[in-house]
Amino acid sequence: MEKLIFETNAQHPSLVDKIKDAIEKLNGIHEWKIDLDSIYNLLTVEGIRLNPTEIESELALHGVEANRLYEE
């Protein structure tokens with residue numbers, strides 16, 4: 001299972017509903033969570049064969065800016 005982490009602009013809980021709507025339209029995602037206490041409002045997505053560009057695009061369609069963070 002893959003895990004991707006994104007920095008988002010989700011500073012308000014109302015954007016969590018938009019994230020949920022976007023995530024539900026994507027295949028392969030088994031679990032996701034958003035950390036609104038983080039200064040980067042981190043979105044963690046776990047699943048199989050995840051496409052970060054597709055996730056970012058779908059979130060953008062729902063008004064949520066997301067940029068993938070790369071772990072080293």
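Student: Which residues of α1 are buried?

Tutor: Keep in mind that this is a predicted model. In α1, the buried residues are Leu-15, Val-16, Ile-19, Ala-22 and Ile-23. Around the helix axis they cover an arc of only 120°, so they lie on the same side of α1.

Student: And which residues are exposed on the other side of α1?

Tutor: Asp-17 and Glu-24 are exposed there.

Student: What do the buried residues of α1 pack against?

Tutor: They pack against β2, β3 and α2.

Student: Let me switch to the sheet, then. What is the order of its strands?

Tutor: It is an open sheet of 4 strands in the order β2-β3-β1-β4, and the pairing is antiparallel. The edge strands, each pairing on one side only, are β2 and β4, the latter spanning residues 66-69. On average, neighbouring strands are turned by 25° against each other, with direction ignored.

Student: How many bridges join β1 to β4?

Tutor: There are 4 bridges between these two antiparallel strands. Across from Ala-66 in β4 stands Thr-8. As for the helix we began with, α1 packs on the sheet by touching β2 and β3, and the direction of α1 makes about 165° with that of β2.

Student: What about the largest nonpolar core: which residues touch the most other members?

Tutor: That core has 18 residues, and those touching the most other members are Phe-6, Ile-19, Ile-29, Leu-43, Val-45, Ile-55 and Leu-59. At least two residues of this core come from each of β1 (2-8), α1 (14-24), β2, β3 and α2, and α1 gives the most, with 5 residues. As a general point, nonpolar side chains in soluble globular proteins tend to be buried together.

Student: Take Ile-55 from that list. What is it in contact with?

Tutor: If its neighbours within four places in sequence are left aside, Ile-55 is in contact with Leu-4, Phe-6, Leu-26, Ile-29, Val-45 and Leu-50.

Student: Where is Pro-52, and which residues does it touch?

Tutor: Pro-52 belongs to helix α2, which covers residues 52-61. Not counting residues up to four places away in sequence, Pro-52 touches Leu-4, Phe-6 and Arg-68. Pro-52 and Lys-3 are 49 residues apart in sequence, while their C-alpha atoms are 10 Å apart in space.

Student: Now the loops. Is Asn-41 buried or exposed?

Tutor: Asn-41 sits in the loop between β2 (29-35) and β3 (42-47). It counts as buried because its relative accessibility is 6%, and the cut-off for buried is under 20%. Leaving out residues up to four places away in sequence, Asn-41 touches Phe-6, Glu-7, Thr-8, Asn-9, Ala-10, Gln-11, Ile-34, Asp-35 and Leu-36.

Student: What is the phi of Asn-41?

Tutor: The phi of Asn-41 is near 45°, which is a positive value in a residue other than glycine. Arg-49 also has a positive phi, of about 55°, although Arg-49 is not a glycine.

Student: Where does Arg-49 lie, and is it buried or exposed?

Tutor: Arg-49 lies in the loop between β3 and α2.

Note on methods:
Residues numbered from 1 in each chain as written. Predicted model: local features only at pLDDT ≥ 70, side-chain atom pairs only at ≥ 80, totals over all residues. Heavy atoms only, no water. Contact = heavy atoms within 4.5 Å. Buried < 20%, exposed > 50% of the residue type's maximum accessible area, 1.4 Å probe, protein only. Core = buried A, V, L, I, M, F, W, Y, C linked by side-chain atoms within 4.5 Å. Pairing = 2+ DSSP bridges. Axes fitted to C-alpha atoms, helices over the stretch in contact; angles between N-to-C directions. Arc of directions from axis to C-beta.
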